[in-house]
Amino acid sequence: MREVAFIKQNKEKWLEFEQVISNKTKKSSDIVANLHIKIMNDLVYAQTYYPKSKVTIYLNKLAKSSFDKVYHTKRNDQNAIAYFFLDKVPLLAYQYRKYIYLSFIVFFAFFLIGLLSTFNDAGFARQILGDSYVNTTLENIESGDAMAIYKSGSNWGTFIGIYDNNQRVGLNMFLSGLFLGIGTGFYVVYNAIMVAVFQAFFYQQNTLFDSVKGIWIHGTYEIFAMIIEAAAGYIVGASILFPGAYKRIESFTKGMKNAFYIFISTIPFTLVAAFLEGYITRYANTLPIVICFTIIGLCLFSISYYYCVLPYKVAKKHHLR
């Protein structure tokens, strides 16, 4: 189809949505969602057949506005916090789901490398965890309490200290995306290998079950949130490297804003992880096994549902699938 014919065929539809965006015309949420889908289809067509045309740039901006309109159609009927966590973030997680998948793939790839390195190099654990930690843990294992290191300090002090450390790590992962995502990748590699070495070390000492029962009470939220924070960093890096039809500064601004929202959504999980480490993990060896694994299971289910299942349900509700 010639570009002129394409514009003539769809012009009225685009003008109609411009009226909706400017609030000159009121439409139901379903109609707005359907218009959004049509505009996205037109954008894909234009990008394919008229990649350097002004109509492609126009449709790109219109598509962004339509996406924002879909976001905000029902916002006035919701509490702002509920809207943010139950609508905005899930929609962003759906939009950027490929980066979340990428983050998981990178993490577990280097987790596997960490396992193999530990099993094939007797000194690797000391290189990663440090002699002090390894020696202290070996002494704790000999005394019959492999997780004793988590009992140092007060509940409150541990909670504050761990939250501060984990939030700093998460913030670094997010902001390191400014270095084209390479900085984020570095943090992911280091932390993935460290977690793997940690578990492999306990396996070698025949205390894997004790470590899983204790560590993953808080580690489920902590590590999963870290992977999501890394995904936010990748989004920032990609917004710089791959601006698409946007100007690079526009792409970066959009990517940075959306990545920041995703990063903010991890804070409650990081906070709960620190609380669990400060108040629950230290008692793991005395708690019934069923309670430990119930906590771990609930944590895994809730955070997996929030970032991997809910986004699809919210997207379907907004007719974005």
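I'll go through a cavity, then the rings, then a pocket. Keep in mind that this is a predicted model.

So, cavities. How many of 30 Å³ or more does a search of the whole structure find? The search comes back with 2. I'll talk about the second largest cavity, which has a volume of about 50 Å³. Its lining is made up of Ala 93, Tyr 94, Arg 97, Ile 100, Tyr 101, Tyr 307, Cys 308, Pro 311 and Tyr 312. In terms of elements, helix 4 (80-95), helix 5 (97-120) and helix 13 (289-317) each give two or more residues to that lining. Which of these helices gives the largest share? That's helix 13, with 4 residues. By class, we're looking at 8 nonpolar residues, no polar ones and 1 charged.

On to the rings. There are 34 aromatic pairs in the structure. Take Tyr 96 and Tyr 99 as one of them: the centres are 6.0 Å apart, the planes are at 55 degrees, and the pair counts as tilted. Are these two tyrosines buried or exposed? Tyr 96 has a relative accessibility of 10%, so Tyr 96 counts as buried. Tyr 99 comes out at 27% relative accessible area, so Tyr 99 is partly exposed.

There's also a cluster. Ring pairs tie together Phe 104, Phe 107, Phe 108, Phe 111, Tyr 221, Phe 224, Phe 269, Tyr 306 and Tyr 307.

Last stop, the second largest pocket. What volume does it have? About 740 Å³. The pocket is lined by 29 residues, and Tyr 150, Met 194, Phe 198, Glu 222 and Glu 277 lie nearest its centre. Two or more lining residues come from each of helix 8 (155-175), helix 9 (182-204), helix 10 (208-241) and helix 12 (267-279). Helix 10 gives the largest share here, 9 residues. Split by class, the lining of this pocket has 16 nonpolar, 10 polar and 3 charged residues.

That's what I have, so over to you for comments.

Definitions and conventions: Residues are numbered from 1 along each chain as its sequence is written. This is a predicted model: local features need pLDDT of at least 70, side-chain atom pairs count only at pLDDT 80 or more; totals for chains, interfaces and linings use all residues. Side-chain values use heavy atoms; hydrogens and water are left out. On a 1 Å grid over the protein atoms alone, a cavity is a set of points where a 1.4 Å probe fits but cannot get out, and a pocket is an open set with protein on both sides within 12 Å along at least five of seven lines; lining residues have an atom within 4 Å of a point. Grid points are joined across faces, edges and corners, and a volume is the space filled by probe spheres set on the points. Ala, Val, Leu, Ile, Met, Phe, Trp, Tyr, Cys and Pro count as nonpolar, Asp, Glu, Lys and Arg as charged, and the others, Gly among them, as polar. Rings of Phe, Tyr and Trp (its six-membered ring) pair if their centres lie within 6.5 Å; planes under 30 degrees apart count as stacked, over 60 as edge-to-face and the rest as tilted. Buried means under 20% relative accessible area, exposed over 50%, partly exposed in between (1.4 Å probe, protein chains only).
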